[in-house]
Amino acid sequence: MLHFAPYSTFSIIALVVCFALVCVFEFVNGFHDTANAVATVIYTRSLKPRTAVIWSGCMNFVGVILGGISVAYGLVELLPADVLSPPNGDPAVPMLISLFGTALAWNLFTWWFGIPNSSSHCVIGALIGIAIGDALLHTRDLGNSVDWSQIWKILRALAISPLLGLIGAGGLYFVIRHLVHDPELYQPPQGDKPTRGWVRGLLILTCTGVSFSHGSNDGQKSIGLIMLTIIGILPATFALAPNSAPHIVHIAEYATNATPLIMQYDHDGLRDEAVASVTRLSQTAPDTVVPSELRADLYEVVAGLKAVAANPQASAQERAMAKTLGNQMRPVVEYAPWWVRLLSALCLGIGTMIGYKRIVHTLGEKIGNTHLTPAQGASAELVGAGLIATAGYTGLPVSTTHIITAGIAGTMLGSGSGINRGMLVKIALAWVCTLPVTITLAASLFYLFNR
């Protein structure tokens, strides 16, 4: 049987505060990111704003439900194991407040000035900052305490995806321009007059695609943040998946098989923690499981196995076995209840309905030297939807804002109208500053709160 610890009044208050923070952050994420999906249909008068945001919210909801959780835990794994599962189930309030406070502050700052900025960038920067703050707090070497391989993997996806959006959307616009000669595709909106039938249908289709793919990728990020909150504050209830009993029966066997592999994990200090966790897990009996302790040990072992799988000195058979054992252990700790998915979808959708206007105006009129045309909007969104959806199902977090903004810029270059250098400089500065600012702020907050 599982052992549950009583909740303190402080834990309950902290849960409410952190839940409010994560919901507010996802609300801001909604009108920061999801505005990219509705920008073209609203700006070209293809749909009225209220209809567009309701439809986009519905498609975000479907995307969240069908999108899986690989991106969610891809982000969560940026944090060290002891931060993910605090000893003895202690509330992870410093981590949560540092994360949400940092990402929310930077998101609101850029939104206030109408600058399209990536919520994903904010979250990733804050997570890296917390990992660095934890290393400083425990006087660990940054090379061993921070999972740099996972960070570089995510940062590569964030860096490459906008370039693909720029080139892909520009190329698609060039093809459309030479194959389709309907003049309405290449004219900006005239007053309140809506676009013609088939053009309107095309833009609604691309809006649907971006909204769905946004839900499947960014929705997973909010799922990861919500899970961090409920696991960090109430580990006795949420540390383990509800259907984890069959896996727990085999935990001792998995740990025994992992022992020789974990010895390959020779980073100073961390190997000792992983080996100690293996020893405890190998002695685990299903009727004596303490959820928070089991979760902490599992994450230590999974981190060790992950290092073996990425170690070029290990044999191909050892790397394959490490990956297999890690995948067998993950279902116990990597899950998301249905109501977490629903909460994620609602926060994103409500945010879209309220705060989309600033970003829509920027995307429609300030990226290029001329106003956005239907062909340009459709090209940017078709390419963007494909890139975002692909990333969502491969477990890589990408930025909807970066991809769509770069796509629109690509179509402006493809049309020969050029881009607005002043706005481009503002966007570039926001992109360049996001990681240093969020890393520094989150690391400082986490260190100070824990001290």
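The protein chain exposes about 18200 Å², of which carbon and sulfur atoms supply 67%; accessible areas come from the Shrake-Rupley method with a 1.4 Å probe, and for residues only the protein chains shown count as cover. This is a predicted model, in which local features need pLDDT of at least 70 and side-chain atom pairs count only at pLDDT 80 or more, while totals for chains, interfaces and linings use all residues. Residues are numbered from 1 along each chain as its sequence is written, and side-chain values use heavy atoms, with hydrogens and water left out.

Of the 451 residues of the protein chain, 56% are buried (under 20% relative accessible area, 1.4 Å probe, protein chains only). Where contacts (heavy atoms within 4.5 Å) join residues at least 6 apart in sequence, 86% of them link residues at least 24 apart.

The protein chain has 20 helices and zero strands. Helices (H or I, at least four residues) and strands (E, at least two) are DSSP runs, numbered from the N terminus.

Helix H9 covers residues 197-233; its 37 residues should span 54 Å at 1.5 Å a residue, and the end C-alpha atoms, 52 Å apart, agree with this. The expected span is 1.5 Å times one less than the number of residues. H9 bends by about 30 degrees at Gly215, the bend being the angle between axes fitted to the seven residues ending there and the seven starting there. Of the 37 residues of H9, 28 are buried.

An unreviewed UniProt entry lists transmembrane regions, among them residues 122-139 and 428-449; such annotations may be inferred rather than shown by experiment.

Key. Buried < 20%, exposed > 50% of the residue type's maximum accessible area, 1.4 Å probe, protein only.
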